[in-house]
Amino acid sequence: MAELNAAGVKSAARVLDILEWVALRPEPASLQNVVNHFNFPKSSALALMSTLVDRGYLLKDANDRYHMPASMRARWAADDLGQLLVAAHAPMRELNERLQETVILGVLDSELQVRVLSKLTSAQEVRYDADASVPRPAYCTAMGRVLLAFRPLKVQERYLKKAPFPKLTPASLTSATALRKRLAHARKAGLETVFEEFSLGGSGAAVALRNAQGQVVAALNVATVTSRFQARQHLILQELQRTADRISERLGASARPV
């Protein structure tokens, strides 16, 4: 019975994740979009999408793409999160096409873990990918550290009391002292880089995104294999910052001082 309950909870979570994601997408989603974003098996994704169509929560167009009825979308996408995703979508796609690397949008959840809101995966044969259905730790990811850096100091210190954190790779920073220095640097620079701290072979950078009130509301991340990040780090950081500035301006933030 416990296994059935766990399976039921997991299925329910998947349904809600799909509904939230489809509601906030500016474009209809194909079945492959769903599979790529959530890393679901294709058969499971098809079953979930077919059920949502049968129940009227989603519509399927002539091109086999899924979208949400306008009346229902208005209830899901009218908040700050919806505005963030709409503002970020086009700039993220252009960045993904320019760099040919994976681009990720993320926020911190109530447990101070990184939640992936949107991602555009690299089309290259060897690439970095992220499971959008699983929260990611803040201490060893670029998005997590840049977002944590702009939380109040008392929040940071409460988080750092959990240190030392698990060492996911030999490069992971796990001590409170080391992480406190990185957070101070990220707050000053508005960006953070990570070299193979979360997963071996994967490196990247993240930049803070601001709203009209100047608050940091999300992070934009370019993630790739370490060798390509090392070879093109200057270009990646330049393009990442330029795109982050554009998204922030679309959210109403004033231009960032050069």
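Figure 1. A search of the whole structure finds one cavity of 30 Å³ or more (on a 1 Å grid over the protein atoms alone, a set of points where a 1.4 Å probe fits but cannot get out; lining residues have an atom within 4 Å of a point). The model is predicted: local features need pLDDT of at least 70 and side-chain atom pairs count only at pLDDT 80 or more, while totals for chains, interfaces and linings use all residues. Residues are numbered from 1 along each chain as its sequence is written, and side-chain values use heavy atoms, with hydrogens and water left out. The largest cavity holds about 170 Å³ of space (a volume is the space filled by probe spheres set on the grid points, which are joined across faces, edges and corners). It is lined by 15 residues, and those closest to its centre are Tyr128, Thr141, Ala142, Asn221 and Ala223. Helix H6 (142–149), S7 and strand S8 (216–225) each give two or more residues to this lining (helices are DSSP runs of H or I with at least four residues, strands are E runs with at least two, numbered from the N terminus). S7 provides the largest share, three residues. By class, the lining of the largest cavity has eight nonpolar, six polar and one charged (Ala, Val, Leu, Ile, Met, Phe, Trp, Tyr, Cys and Pro count as nonpolar, Asp, Glu, Lys and Arg as charged, and the others, Gly among them, as polar).

**Figure 2. The largest pocket.** The largest pocket contains about 390 Å³ of space (a pocket is an open set of points with protein on both sides within 12 Å along at least five of seven lines). Of its 18 lining residues, Trp21, Arg25, His89, Lys119 and Leu120 lie nearest the centre. Two or more lining residues come from each of helix H1 (2–24), helix H2 (31–38), helix H5 (80–99) and strand S5 (114–120). H5 gives the largest share, five residues. The lining of the largest pocket divides into six nonpolar, seven polar and five charged residues.

**Figure 3. The nonpolar cores.** In the largest nonpolar core, which has 31 residues, Leu108, Val146 and Tyr159 touch the most other members (a core is a set of buried Ala, Val, Leu, Ile, Met, Phe, Trp, Tyr and Cys residues joined through side-chain atoms within 4.5 Å; buried means under 20% relative accessible area, with a 1.4 Å probe and protein chains only). H6 gives the most to this core, with six residues. Beyond its neighbours within four places in sequence, Val146 is in contact (heavy atoms within 4.5 Å) with residues including Ala186, Leu191, Ala206 and Ala219. Another core, of 25 residues, lies apart from the largest one and has Ala87, Ala88, Met92 and Leu240 among its members.

Figure 4. Strand S6 (residues 191–195) is largely enclosed by the rest of the structure, because four of its five residues are buried. S6 and strand S7 (residues 202–210) run antiparallel and are joined by five bridges (two strands pair if DSSP finds at least two bridges between them). Glu192 has Ala206 in S7 as its bridge partner. Six residues lie between the strands of this hairpin, in which Glu196 takes a positive phi near 55 degrees.

**Figure 5. The sheet of S1, S3 and S2.** Three strands form an open sheet in the order S1-S3-S2, with antiparallel pairing. Strand S1 (29–30) and strand S2 (59–60) are the edge strands, each pairing on one side only. Two bridges link S2 to strand S3 (residues 65–67) in the antiparallel sense, and Leu59 stands opposite His67 in S3.

Terms used:
Buried < 20%, exposed > 50% of the residue type's maximum accessible area, 1.4 Å probe, protein only.
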